Amino acid sequence: MNFYPVFLKEMIIFKRRLFRIGYLFSNMITPLLYLIAFGLGLGRGISIDGVAYLAFVVPGICAMSSMTNSYSWIATSISVGRLHFKTFDEYIVSPVTPSDIMLGEVLAGVVRGMFASSFILIAGVLFGAGFPENPIFLVAWVLNCLVFACLGVISGCLAKSHEDTATFSNFFIMPMAFFCGTFFPLDKMPVFIRVPLSFLPLTHASKTLRAAFLGEGVPAVSLGIIFAFFIILFALGVVVIRRVNR
Amino acid sequence: MIKLVELTKDFGHLRAVDKLSFHIQKGEIFGLLGPNGAGKTTTVRMLNTLTRPTGGEAQVAGFDVVKSAFKVKQLIGVSPQEVNLERDLTARQNLHIHGLSHRMEGIKKRVDELLNWTNLSERADDIIRNYSGGMQRRLLIARSIMHRPQVLFLDEPTVGLDPQVRRLIWDLIRDLNHKGVTILLTTHYIEEAELLCHRAGILSHGKLIALGSPQELMTSIGRFVVESLDNGVTNYRLFETREEACNFAQTRGENVRIRESNLEDVFIKLTGERIGQ
């Protein structure tokens with residue numbers, strides 16, 4: 001196991017970005033806009049299954065924000081490092097294994113995803129939506145970041161141009177952000193929509209995060225499915241890294 | 001130290017490297033010369049485990065580059081054609097992370113030593129993004145030898161640098177070689193190869209067309225060249241001795257120049273192409 005240099009490099013870059021005010025601000029602004037528009041604006045006075053909409057939507061937006069941030073940071077870092085700056089070659093000629101690279105990058109994605117989405121939880125407290133009641137929330141939160149960081153590595157390694165990661169994001173990540181139970185419950189959706197959605201990881205992440213946030217019974221099956229996604233995507237990522245530059 | 005046996009690489013229908021076979025001895029500086037697209041970089045990339053060969057075999061320090069790739073990675077240093085340092089990290093951080101990748105001990109001391117060696121100590125904590133091309137290239141070489149490799153791959157180490165900086169890099173390369181590092185260098189600067197290399201191989205269309213010391217290669221084509229300008233086209237004639245060259249030059253009248261032959265003449269003689277085209 002020698003993932004630390006990979007992780008450390010990403011963390012140094014991350015730390016450097018943090019000191020740029022614009023970067024920090026843009027991290028906070030997008031999810032806060034969603035929270036204000038949907039939670040405080042549209043959702044004022046609405047309740048879903050007896051829960052205030054704000055408390056319903058905070059864990060949803062937390063799932064969404066941790067997904068996009070874990071994914072895009074890593075996907076961009078790898079595709080640019082591979083295609084433009086060739087820094088990925090330095091990994092390949094060094095004695096670090098594909099699983100070292102995978103682990104280092106994925107952990108960096110988790111830090112990034114949790115950092116960005118923690119602003120949602122803070123805003124949730126400030127706006128009176130409350131705080132996660134069940135510690136399982138943390139488990140699901142980390143798992144969700146892991147899943148999408150893995151996906152970030154895979155798309156970063158497969159991209160043939162910088163635009164590819166954006167295309168992948170538009171076709172997979174963005175639709176998930178809206179349809180996987182982030183803003184509205186899926187129970188009332190027609191079966192032909194609900195069934196395909198149940199194959200997507202974010203559906204289970206937002207379900208678990210919401211249940212843990214509200215202190216309801218945690219859906220063990222969903223938690224297991226996210227975990228399975230993580231294991232499969234991690235293994236796939238290692239294979240994909242091994243094939244880079246062939 | 002480096003051994004190639006019919007090493008081949010195809011990209012689709014294009015054969016970039018064609019059954020290349022040669023050996024590089026321990027302690028040697030070996031130059032791989034040829035025009036752009038001759039297969040130099042592809043050859044180096046197969047030897048340093050970045051690209052998988054389509055056919056043939058290659059060994060570095062006794063280990064197969066495919067079957068024992070991990071072992072090879074531990075023993076080699078790589079300084080690629082594009083400067084691939086982490087631009088958002090400082091010089092010190094770049095070296096430190098490289099040391100960690102190689103599980104080195106005494107990283108701090110080694111980093112200071114290398115920064116000193118490359119004359120970068122004063123700027124050690126600046127971000128690479130703000131470095132000049134020459135400074136980046138020096139740091140790239142420093143990083144490639146951080147873990148004290150036995151074999152060093154230098155792909156076009158002085159491309160685009162001004163003359164003073166090139167000389168500085170040449171000194172670094174010779175210094176490393178004196179310390180026992182075997183070096184494979186690719187270049188299309190002829191004087192660089194003549195000055196540094198113990199032996200050179202010339203590649204054309206993925207094939208090795210000549211191999212020997214610069215002296216041997218130049219002697220093989222004739223030590224003297226008569227350049228004459230005929231109707232706006234320069235013609236080159238090669239001669240064994242200065243007398244023969246002078247005699248010929250006298251028959252040509254004006255617009256002639258006699259000089260000693262160089263590796264570029266070897267190249268033109270063998271391929272009909274000029275290096276760098």
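Reply: Let's start at the contact itself: 23 residues of chain A are in contact with 30 residues of chain B, contact meaning heavy atoms within 4.5 Å. Keep in mind that this is a predicted model, where local features need pLDDT of at least 70, side-chain atom pairs count only at pLDDT 80 or more, and totals for chains, interfaces and linings use all residues. Residues are numbered from 1 along each chain as its sequence is written, chains are lettered from A and ligands numbered from 1 in the order in which they are written, and side-chain values use heavy atoms, with hydrogens and water left out.

Together, chain A and chain B bury about 2,500 Å², with 58% of it on carbon and sulfur atoms; buried area here is the accessible area (1.4 Å probe) that two parts lose on being put together, summed over both. There are 4 salt bridges between chain A and chain B, a salt bridge being a side-chain nitrogen of Lys or Arg within 4 Å of a carboxyl oxygen of Asp or Glu. One of them links Arg143(B) to Glu90(A), with the closest N and O atoms 3.3 Å apart.

Now zoom in on Thr49(B). Thr49(B) touches Ile92(A) and Val93(A) from the other chain, plus Val65(B), Ala69(B), Val72(B) and Lys73(B), leaving aside residues up to four places away in sequence. Its relative accessible area is 11%, so Thr49(B) is buried (under 20% relative accessible area; exposed is over 50%, partly exposed in between, with a 1.4 Å probe and protein chains only). The C-alpha atoms of Thr49(B) and Ser68(B) are 9.6 Å apart, although 19 residues separate the two along the chain.

As for its setting, Thr49(B) is in the loop between H1 and strand E4 (55–60) of chain B; helices (H or I, at least four residues) and strands (E, at least two) are DSSP runs, numbered from the N terminus. Thr49(B) follows H1(B) and has a positive phi, near 75 degrees. H1 itself covers residues 40–47 of chain B, and 6 of its 8 residues are buried, namely Lys40(B), Thr42(B), Thr43(B), Val44(B), Met46(B) and Leu47(B).

What does H1(B) lie across? H1(B) lies across E1, E2 and E4 of chain B, running at about 115 degrees to E1(B). (Axes are lines fitted to C-alpha atoms, for helices over the stretch in contact, and angles run from 0 to 180 degrees between N-to-C directions.) Those strands belong to an open sheet of 4 strands in chain B, ordered E2-E1-E4-E5, with antiparallel pairing. Its edge strands are E2 (14–24) and E5 (63–64) of chain B, each pairing on one side only. Strands count as paired if DSSP finds at least two bridges between them; E1 (residues 2–11) of chain B and E4(B) run antiparallel and are joined by 5 bridges. In that pairing, Thr8(B) stands opposite Gly55(B) in E4(B).

Chain B also has an open sheet of 3 strands in the order E12-E11-E13, again with antiparallel pairing. E12 and E13 (256–260) of chain B stand at the edges, each with a single partner strand, so one side of each has no neighbour in the sheet. From one strand to the next, the twist averages 25 degrees.
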